[in-house]
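Please read this briefing alongside the sequence and the coordinates.

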Amino acid sequence: MIVNEKVAIDHGLKKEEYVKICELLKRTPNITELGIFSAMWNEHCSYKSSRLHLKKLPTKGKKVIQGPGENAGVIDIEDNDAIVFKIESHNHPSFIEPYQGAATGVGGIMRDVFTMGARPIANLNSIHFGSTQHKKTKNLLRGVVHGIGGYGNCMGVPTIAGQTSFDSSYNGNILVNAMTLGLVKKDKIFYSKAAGINKPVIYVGSKTGRDGIHGASMASASFDDKIEEKKPTVQVGDPFTEKLLLEACLELMAGDSIIAIQDMGAAGLTSSSIEMASKGNLGIEINLNRVPCREAKMSPYEIMLSESQERMLIVLENGKEEQAKKIFDKWNLDFAVIGKTTKSKKIELYFDNEKVADIPVNTLVENSPMYDRKWKKAKLPKKNNIKKEDIKHLKIIDVLKKILANPNVCSKEWIWEQYDHTVMGDTIQKPGGDAGVVRVHGTDKAVAASVDSSAVYCWAHPLTGGKQVVCESFRNLIAVGAKPVAITNCLNFGSPENQDNMGEFVECVQGIGEASEYLKFPVVSGNVSFYNQTKDQGIKPTPTIGGVGLIKDYKNMVTMEFKEADNLVLVIGKTEGHIDQSLFARNILDEKNGPPPEVNLFNEKNNGETLLKLIDNNLIKSAHDVSLGGIITAVAKMCIKGKMGINIKKPKYLINEIEYLFAEDQGRYIIEINKKNFKKVADILNKNAVHFDELGTIIENELYINDKTKVTIDELSTSNKSWLKNYMSK
Amino acid sequence: MKSSVITFPGSNCDRDMDVALKKFGFKNKMVWHDDNELPKSDLIVLPGGFSYGDYLRCGSMASKSKIMHSVINFANSGGMVMGICNGFQILVETGLVPGVLLRNKYLEFICKNVFVKIKDKENKYFKNIDNEVLEFHIAHNEGNYFCSNDQLKEIEDNNQIAINYCDKYGKIEDQYNPNGSIKNIAGIFNKEKNVLGMMPHPERMIDKSLSGEDGSLFFKNLLNNLK
């Protein structure tokens with residue numbers, strides 16, 4: 001096939017990018033080489049629109065062993081233990097083929113983690129769908145949930161937490177973000193940097209097929225009317241093979257024969273070989289005839305661009321091939337020496353005794369395009385004046401029931417009961433709480449993890465929204481008694497070529513950066529997904545934050561359900577009555593404008609750290625962060641989970657009852673304490689200048705507000721638990 | 001007491017079972033599916049997971065593994081063999097216990113706590129347990145027990161039903177049946193009651209920080225019965 005500008009453009013390259021390729025090579029690339037360039041230079045692999053801004057994120061910290069740039073981030077959790085974790089998007093494929101798209105998203109992120117030598121110990125996911133009225137939503141939700149479960153359950157890794165939202169901006173572009181945590185010994189972490197010349201390059205895992213060719217390019221473009229035609233670009237997952245690959249890799253890693261290892265994810269053999277060579281400042285030579293293929297007569301182009309799953313590339317020490325092969329034979333996996341490292345600093349491919357590609361590695365990596373895209377700064381919207389007469393007629397209990405049954409607040413049991421969340425025998429906090437918690441096997445330590453995003457806030461004001469998501473993650477970890485350590489981010493946005501969308505990206509990233517810097521909650525890994533867009537319609541900006549925290553003694557973990565009658569309930573943090581962009585404003589008043597709640601990083605940090613002090617002093621019986629739906633929604637959920645009631649007395653602030661109960665001011669928690677400890681608790685809060693309200697007392701069965709309104713917990717529970725089940729069974 | 005847990009390709013509750021058995025005093029060994037010989041054991045466990053990826057039919061390929069010849073001989077000579085979840089599916093495929101396990105009635109994987117009523121205590125697995133009802137945990141996609149009417153009659157006549165899904169008071173009703181199993185069956189024995197297949201995972205209920213502690217009760221009792 002003759003390569004020209006048109007062919008390059010069909011590969012998703014821009015005209016000027018094609019010109020640059022010819023200049024760098026000082027000749028016209030052949031079709032295999034063009035395929036390689038298109039795979040490495042697309043948005044998904046090259047981060048060409050985002051790199052400039054991602055550089056500004058804080059990535060260092062005392063506990064950070066490895067920041068962004070590797071397969072996943074690594075943090076120190078003491079005693080020579082480390083946690084490897086990352087979140088990644090699989091949005092485009094999941095919309096086209098929900099089961100396989102979601103499944104291979106989960107498979108891919110687990111591979112990123114065990115490539116580094118860590119055994120995966122927990123999975124999480126953040127999934128976003130279109131309006132519940134949209135005709136595709138139900139099938140997409142079902143397919144995605146089955147896919148996530150199908151892969152994770154088979155791998156035997158518990159899915160311990162997640163987030164599901166519905167918003168019409170995802171009608172044409174759903175989001176599927178998958179996160180994995182793995183456990184590794186600090187001195188047994190594996191990296192992807194190749195070293196040494198003439199070292200064997202080994203291919204292990206599944207055979208290479210024709211699935212997923214151009215997957216990464218597909219994920220770097222907007223959708224149009226012909227998306228159905230893109231089905232063949234979606235990879236097909238085989239979790240059974242991945243389970244074998246996991247066990248075989250960990251068995252090989254127990255020895256000392258691996259120099260570098262890299263999974264074949266987006267852009268398959270192309271990106272894995274080039275990344276290893278680039279990091280090691282080396283060349284790699286591969287004989288493509290030696291690559292195990294599933295189908296006959298695959299061309300070099302197809303072999304290099306296939307995104308078949310469950311494959312790894314390894315640079316091995318000389319002479320260790322036989323020993324390594326034995327392990328992979330035992331697990332019935334392919335093992336092939338396909339090439340070697342060279343000093344040429346080039347990627348050189350041979351097929352049928354002919355050289356089919358010859359590209360300097362730096363042209364693919366360092367010389368890849370980087371754009372300073374134009375972007376528009378967002379203005380802070382004006383506050384709405386909510387008129388008394390608009391809310392006067394509302395009955396609090398009716399509103400509460402509506403909110404509890406809102407698709408974005410309701411119980412997601414229908415989803416997480418389909419995920420094995422207890423396998424591995426260390427899950428001590430299941431889905432449905434503020435964060436999932438797993439013990440570090442055989443120790444007293446536990447790791448908490450949460451995924452969060454607030455697209456509505458980010459849409460209303462990206463800078464504030466970016467900060468808020470990091471704070472929410474921080475709060476969710478603290479609410480279970482964990483000290484927040486670090487985050488991973490999955491940045492889901494529309495087209496970077498649109499100035500508004502690019503502005504949302506830039507300012508969200510700035511917000512994330514500011515908050516993570518202030519809270520000492522660095523970003524150690526992540527992924528950017530642009531072009532979540534159908535024709536001109538982009539999604540609401542949705543940065544997802546995956547937070548990880550450490551609990552030194554798992555017996556001190558806190559859960560959110562109310563425990564005992566007569567205990568006191570307090571609200572930590574001040575309630576100003578911010579209603580704009582709250583669930584109440586958007587869904588009850590139908591008011592979609594206005595600014596999101598303000599984020600005060602000082603209060604956020606101070607309130608959180610003070611709550612941790614209370615937890616360390618064993619003064620907290622239950623805790624929950626206040627988020628969507630405000631104080632009353634948070635309290636109602638604590639009642640439902642604990643099957644207990646509460647007698648609420650609104651503090652005598654000037655703001656009215658509705659504003660007090662439904663406002664979404666930040667930096668707040670609900671806590672339950674024993675009455676006799678009130679003074680101790682109040683002293684610690686006062687000493688640290690943390691504002692708190694006395695909200696009420698726990699009772700049996702019913703929720704009372706100011707002695708005049710009441711509802712049974714059973715009734716609230718039904719509102720909360722039945723919506724999703726009913727929706728999915730209709 | 002010595003126990004052995006068989007690891008098949010795709011088993012993923014093998015470690016959990018190892019942890020549980022050791023916690024309650026078994027000397028446990030892990031045995032690879034491709035081995036011929038079983039170590040000397042008082043109890044063989046086929047653990048949960050997705051042996052061979054559940055391809056073809058859950059448990060069918062594992063039931064033809066090399067080690068299974070020894071396991072079948074061991075069972076036929078009266079040895080204690082327990083299959084949990086995927087292990088139950090494997091047992092069904094070997095014919096050591098009757099019936100089949102179909103896809104769950106609502107076609108969805110289910111992971112949650114359930115209550116089971118002990119139907120028969122004249123066996124080494126449940127003898128001497130004071131409770132009538134245990135809280136166990138299930139996590140499966142194909143746990144819908146089914147058999148022919150003739151088989152069912154035989155199973156009932158021989159008291160081969162081990163446990164039934166029920167509520168916390170032991171009431172066995174359709175609404176407490178998570179997967180559509182015939183007669184709420186959660187576990188059954190072979191005729192001689194030395195082989196037990198059950199869907200629930202007692203190994204996930206061995207610590208009060210986990211889903212519950214009724215698994216501890218089960219393992220402690222099992223060890224005492226084997227002594």
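The points below are grouped by topic.

This is a predicted model, in which local features need pLDDT of at least 70 and side-chain atom pairs count only at pLDDT 80 or more, while totals for chains, interfaces and linings use all residues. Residues are numbered from 1 along each chain as its sequence is written, and chains are lettered from A and ligands numbered from 1 in the order in which they are written.

**The sheet in chain A**
- Seven strands of chain A form an open sheet with mixed pairing, in the order S23-S25-S22-S26-S24-S27-S28; strands (E, at least two residues) and helices (H or I, at least four) are DSSP runs numbered from the N terminus, and two strands pair if DSSP finds at least two bridges between them.
- Strand S23 (622–625) and strand S28 (709–712) of chain A are the edge strands, each pairing on one side only.
- Neighbouring strands of this sheet are turned by 20° against each other on average, direction ignored, with axes fitted as lines to C-alpha atoms, for helices over the stretch in contact, and angles running from 0 to 180 degrees between N-to-C directions.

**Strand pair and packed helix**
- Strands S24 (residues 645–648) and S27 (residues 702–705) of chain A run parallel and are joined by three bridges, with Ile646(A) opposite Leu703(A) in S27(A).
- Helix H26 (residues 713–729) of chain A packs on the sheet, where it touches S24, S27 and S28 of chain A, and its direction makes about 65° with that of S28(A); residues are in contact if their C-beta atoms, placed from the backbone, lie within 7 Å.

**The contact between chains A and B**
- Chain B contributes 23 residues to the contact and chain A contributes 23 residues.
- On the side of chain B that touches chain A, helix H1 (14–23), strand S6 (110–118) and strand S7 (133–140) of chain B each supply at least two residues, and the largest share, three residues, comes from S6(B).

Key
Two residues are in contact if their C-beta atoms, placed from the backbone, lie within 7 Å.
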